[in-house]
Amino acid sequence: MATKLDRTDLKILRLLQNNGRLSNAELAETVAISPATCHRRTQRLFEDGFIAAVRAMVAPKKVAKGTLVMVGVVLDRSTPESFATFEQAVAKLKFVLDCHLVAGDFDYFLKIRVGDMEDFNRIHGEQLIALPGVRQTRTFFVMKEVVDNAPLEF
């Protein structure tokens with residue numbers, strides 16, 4: 001049975017989504033509930049899967065990963081087995097931030113962060129085109145990140 005969220009739960013989710021470093025005391029005060037109640041509610045939100053994880057958002061340029069690349073991938077076959085094999089292999093690549101099965105001209109879109117074009121060229125030649133079942137890739141270098149990891153609206 002799905003957990004029903006009330007206004008307080010939604011407020012907690014919005015606040016934590018915007019600032020995951022809020023202490024329980026700060027969160028409780030902002031939401032106008034006791035710290036004990038706030039802790040119980042927050043734990044329930046984790047347990048019920050509404051909050052998947054809490055982590056820091058590292059500035060890519062500060063760690064020499066300032067180049068964002070989107071890669072469209074077409075597989076040679078569209079079978080459940082070829083999709084599963086590709087997905088298992090791509091999940092092991094640490095430079096792939098996101099991998100999405102899509103409808104349209106491509107089978108998958110990959111979001112990749114690298115240091116520069118030379119870094120991507122090496123990765124593409126050594127690892128991306130070697131992924132199982134890959135027939136074609138199409139690379140899109142991001143010129144400007146307009147919206148990235150925006151908070152969910154709910």
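Trainee: Is Phe140 buried or exposed, or in between?
Mentor: Phe140 is at 36% relative accessibility, so it counts as partly exposed. Buried means under 20% relative accessible area, exposed over 50%, partly exposed in between, with a 1.4 Å probe and protein chains only. This is a predicted model: local features need pLDDT of at least 70, side-chain atom pairs count only at pLDDT 80 or more, and totals for chains, interfaces and linings use all residues. Residues are numbered from 1 along each chain as its sequence is written, and side-chain values use heavy atoms, leaving out hydrogens and water.

Trainee: And Phe106?
Mentor: Phe106 counts as buried, because its relative accessibility is 11%.

Trainee: Switching to pairs. How many aromatic pairs are there?
Mentor: The structure holds six. Rings of Phe, Tyr and Trp (its six-membered ring) pair if their centres lie within 6.5 Å; planes under 30 degrees apart are stacked, over 60 edge-to-face, the rest tilted.

Trainee: Why is the pair of Phe83 and Tyr108 edge-to-face?
Mentor: Their ring centres are 5.8 Å apart and the planes are at 85 degrees, so the pair is edge-to-face. Phe83 and Tyr108 are both buried.

Trainee: Which residues form one aromatic cluster?
Mentor: Phe83, Phe86 and Tyr108 do.

Trainee: What does Phe86 touch?
Mentor: Leaving out residues up to four places away in sequence, Phe86 touches Val73, Leu75, Cys99, Tyr108, Leu110, Leu131, Pro132 and Val134. Contact means heavy atoms within 4.5 Å.
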